Amino acid sequence: PLISRDEVIGVLHFRSKKQNAYTEQDLRLAERIGMQIAGAIANAQMFNDLIRTEKFLRVSEEKYRLIAENTADLISVLDMNLRFTYVSPATMRLRGFTVEEAMGQSLEQVLTPVSMQLGLTVFEEEMQLEASGTAEPDRTRILELEEYKKDGSIIWVEVSLSFLRDKDRKLVGILIVSRDISERKRVEEEKQILQERLQHADKMEAIGTLAGGIAHDFNNLLMGIQGHASLTLLDLDPSH
């Protein structure tokens, strides 16, 4: 029980009168006072720890919020029903949508049909792997997908997918980091076109070389035929 103010005053008064001649009751009361002080100190320490923890969490949250909001890559979080629970401000630069607009979109509104099918296939594969119990918990999948922009155009993005887990390591969401690779894909397509043209040129050169060889051989045959024909004409009467 808590020590009352009157009890503490009584002990101090008794000490001043008796000069440290404590009774057993006084000792028990002093023990209760000590326990109460120790409890108060412990509570104060716990309170200070909570304050420090809260401050640390606020600083950490602010730090990661600044990182998410200022990185060029788009950071998104899906729940296990594939609904958006977080979209970073980079969505405006990458796709032209505000955070509020992007949060209200479904995956079908974000991905082209082919990319949507690929994403669902990968998700099913990962869930089956998770159910097997042999999967690496911190694994990551990298995909190249096509996404719609607000103006209706399509961009290529490289997405890094990983699972979010709670303290019990249960799946609670999917972390997605998307990077615009449209320029890289354009360069790759141009390179592919050039390679195809080069292959076509090589093929035509080979055909030309083959045709030239055949013509040369055929010309040799014709020269022999021509020679024999000329000799035969010498033996014929002009009126033949």
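I began at Glu147, whose bridge partner in strand 4 is Ile155. Helices (H or I, at least four residues) and strands (E, at least two) are DSSP runs, numbered from the N terminus.

I noted the basis of the model next. This is a predicted model, where local features need pLDDT of at least 70, side-chain atom pairs count only at pLDDT 80 or more, and totals for chains, interfaces and linings use all residues. Residues are numbered from 1 along each chain as its sequence is written, and side-chain values use heavy atoms, with hydrogens and water left out.

**Sheet**

I looked up the pairing of strand 3 and strand 4 (residues 154-165): they run antiparallel and are joined by eight bridges. Two strands pair if DSSP finds at least two bridges between them.

I then traced the order. The sheet is open, has five strands in the order 2-1-5-4-3, and pairs antiparallel. Strand 2 (84-87) and strand 3 (141-148) are at the edges with a single partner strand each, so one side of each has no neighbour in the sheet. From one strand to the next, the twist averages 30 degrees.

**Helices on the sheet**

I checked which helices pack here. Helix 7 (residues 182-235) packs on the sheet and touches strand 3, strand 4 and strand 5. Contact means heavy atoms within 4.5 Å. The direction of helix 7 makes about 125 degrees with that of strand 4. Axes are lines fitted to C-alpha atoms, for helices over the stretch in contact, and angles run from 0 to 180 degrees between N-to-C directions.

**Strand 1**

I went to strand 1 (residues 74-78) and found it mostly covered, with five of its five residues buried. Buried means under 20% relative accessible area, exposed over 50%, and partly exposed in between (1.4 Å probe, protein chains only). Leu74, Ser76 and Leu78 point one way, Ile75 and Val77 the other.

I followed its partners. Strand 1 pairs with strand 5 in the antiparallel sense over five bridges. Val77 has Leu175 as its bridge partner in strand 5. Strand 1 also runs antiparallel to strand 2, joined by three bridges. There, Leu78 is the bridge partner of Phe84. Five residues lie between strand 1 and strand 2 in their hairpin, and Leu82 in the turn has a positive phi of about 65 degrees.

**Ile225**

I ended at Ile225, which lies in helix 7. Is Ile225 buried or exposed? Ile225 counts as exposed because its relative accessibility is 55%.
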